[in-house]
Amino acid sequence: MAASIQRGRLITVEGIDGAGKSTHLPWLKELVERSGRQVWLTREPGGTPLGERLRELLLHESMAPLTEALLMFAARREHCEREIWPRLAAGTWVVCDRFTDATYAYQGAGHGLAVQQIADIDRIVMGGFSPDITFVLDVPPAVGKARLADGRTLDKFESEQAVFFERVRSSYLARAAAEPERCRVIDSTQSRERVRAAIEAVVLAAS
Ligand code: TMP
């Protein structure tokens, strides 16, 4: 009898803009690879041709918060159905730069959409699916802003004021506190080595 394939895990990385995700994501992919697993690195909004087109609109066009949430979830459903779920079923691990927590944090806390409304859409679109492990890279908004100031033009979200990012950050921290099994908050003002050591301990424990 053929051995059954062990389902892969979905690891997501969250945080306010400038929290340091891009510094750690390729390394995290390699970390999982080194443990002998197939791994796919992806991002939201995005990860599919349609998702990437929606990303262009979402990051640059002004729209109502509900429209924004609906497009985020449309991109997410496409991403899951075409890419993430088949890979997890085949035993591949998926590392995703942002996922559903970002919609609660940005469209909910940031742009004022009611949490219950997001939860209703989440239930209809995702049917209760959520990541296995979520890292919240935590920095104060001033630190995030300084890290973004690298000369390039900022997108719609990155251009928000510090009070917006205070709300987004609080939402992430509250969600992490409510789901301690899934979420790990990591102080991302620490050195790169310390952040990585904290991530590595969690990933290796999950293997
Ligand atoms: P990135 O800059 O981390 O690639 O993410 C793109 C932006 O999209 C980021 O500013 C956060 C925002 N975003 C939301 O507002 N809601 C979401 O559900 C997701 C996935 C991202």
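Biologist: At what angle do helix H3 and helix H5 pack?

Modeller: Bear in mind that this is a predicted model. Helix H3 covers residues 65-89 and helix H5 covers residues 115-126. Their axes lie 10 Å apart, and the packing angle is about 25 degrees.

Biologist: Is H3 roughly parallel or oblique to H5?

Modeller: The pair packs at about 25 degrees. Angles under 35 degrees fall in one class, so H3 and H5 come out as roughly parallel.

Biologist: How do the residues of the contact of H3 with H5 divide into nonpolar, polar and charged?

Modeller: H3 brings Leu66, Leu70, Phe73, Arg76, Arg77, Cys80 and Trp85. H5 answers with Gln117, Ile118, Ile121, Asp122, Val125 and Met126. Sorted by type, that gives nine nonpolar, one polar and three charged.

Biologist: Leu66 is in that list, so is Leu66 buried or partly exposed?

Modeller: Leu66 sits in helix H3, and leaving aside neighbours within four places in sequence, Leu66 is in contact with Leu113, Gln117 and Ile121. Even so, its relative accessibility is 32%. Buried would need a value under 20%, so Leu66 counts as partly exposed.

Biologist: Cys80 is in the H3 contact too. Why is Cys80 too far for a bond with Cys96?

Modeller: A disulfide is a covalent bond between the sulfur atoms of two cysteines. The cut-off for calling one is sulfur atoms within 2.5 Å. For Cys80 the closest cysteine sulfur is the one in Cys96, and that is too far because the distance is 8.0 Å.

Biologist: And how far is the nearest cysteine sulfur from Cys183?

Modeller: Cys183 is buried, with a relative accessible area of 6%. Cys183 is in no disulfide, and the structure as a whole holds zero. The nearest cysteine sulfur is again in Cys96, at a distance of 14 Å.

Biologist: Over to another pair: are H1 and H8 oblique or roughly parallel to each other?

Modeller: Helix H1 (residues 21-34) and helix H8 (residues 192-206) have axes that come within 11 Å. The two cross at roughly 40 degrees, and roughly parallel would take an angle under 35 degrees. H1 and H8 are therefore oblique.

Biologist: Which residues of H8 make the contact with H1?

Modeller: H1 passes H8 in a right-handed crossing. On the H1 side, the contact uses Thr23, His24, Trp27, Leu28, Leu31 and Val32. On the H8 side sit Arg192, Val195, Arg196, Ile199, Glu200 and Val203.

Conventions: Residues are numbered from 1 along each chain as its sequence is written. This is a predicted model: local features need pLDDT of at least 70, side-chain atom pairs count only at pLDDT 80 or more; totals for chains, interfaces and linings use all residues. Side-chain values use heavy atoms; hydrogens and water are left out. Buried means under 20% relative accessible area, exposed over 50%, partly exposed in between (1.4 Å probe, protein chains only). Axes are lines fitted to C-alpha atoms, for helices over the stretch in contact, and angles run from 0 to 180 degrees between N-to-C directions. Helices (H or I, at least four residues) and strands (E, at least two) are DSSP runs, numbered from the N terminus. Angles under 35 degrees count as roughly parallel, over 145 as roughly antiparallel, 65 to 115 as roughly perpendicular and the rest as oblique. Contact means heavy atoms within 4.5 Å. Ala, Val, Leu, Ile, Met, Phe, Trp, Tyr, Cys and Pro count as nonpolar, Asp, Glu, Lys and Arg as charged, and the others, Gly among them, as polar. A crossing is left-handed if the near helix is turned anticlockwise from the far one by less than a right angle, and right-handed if clockwise.
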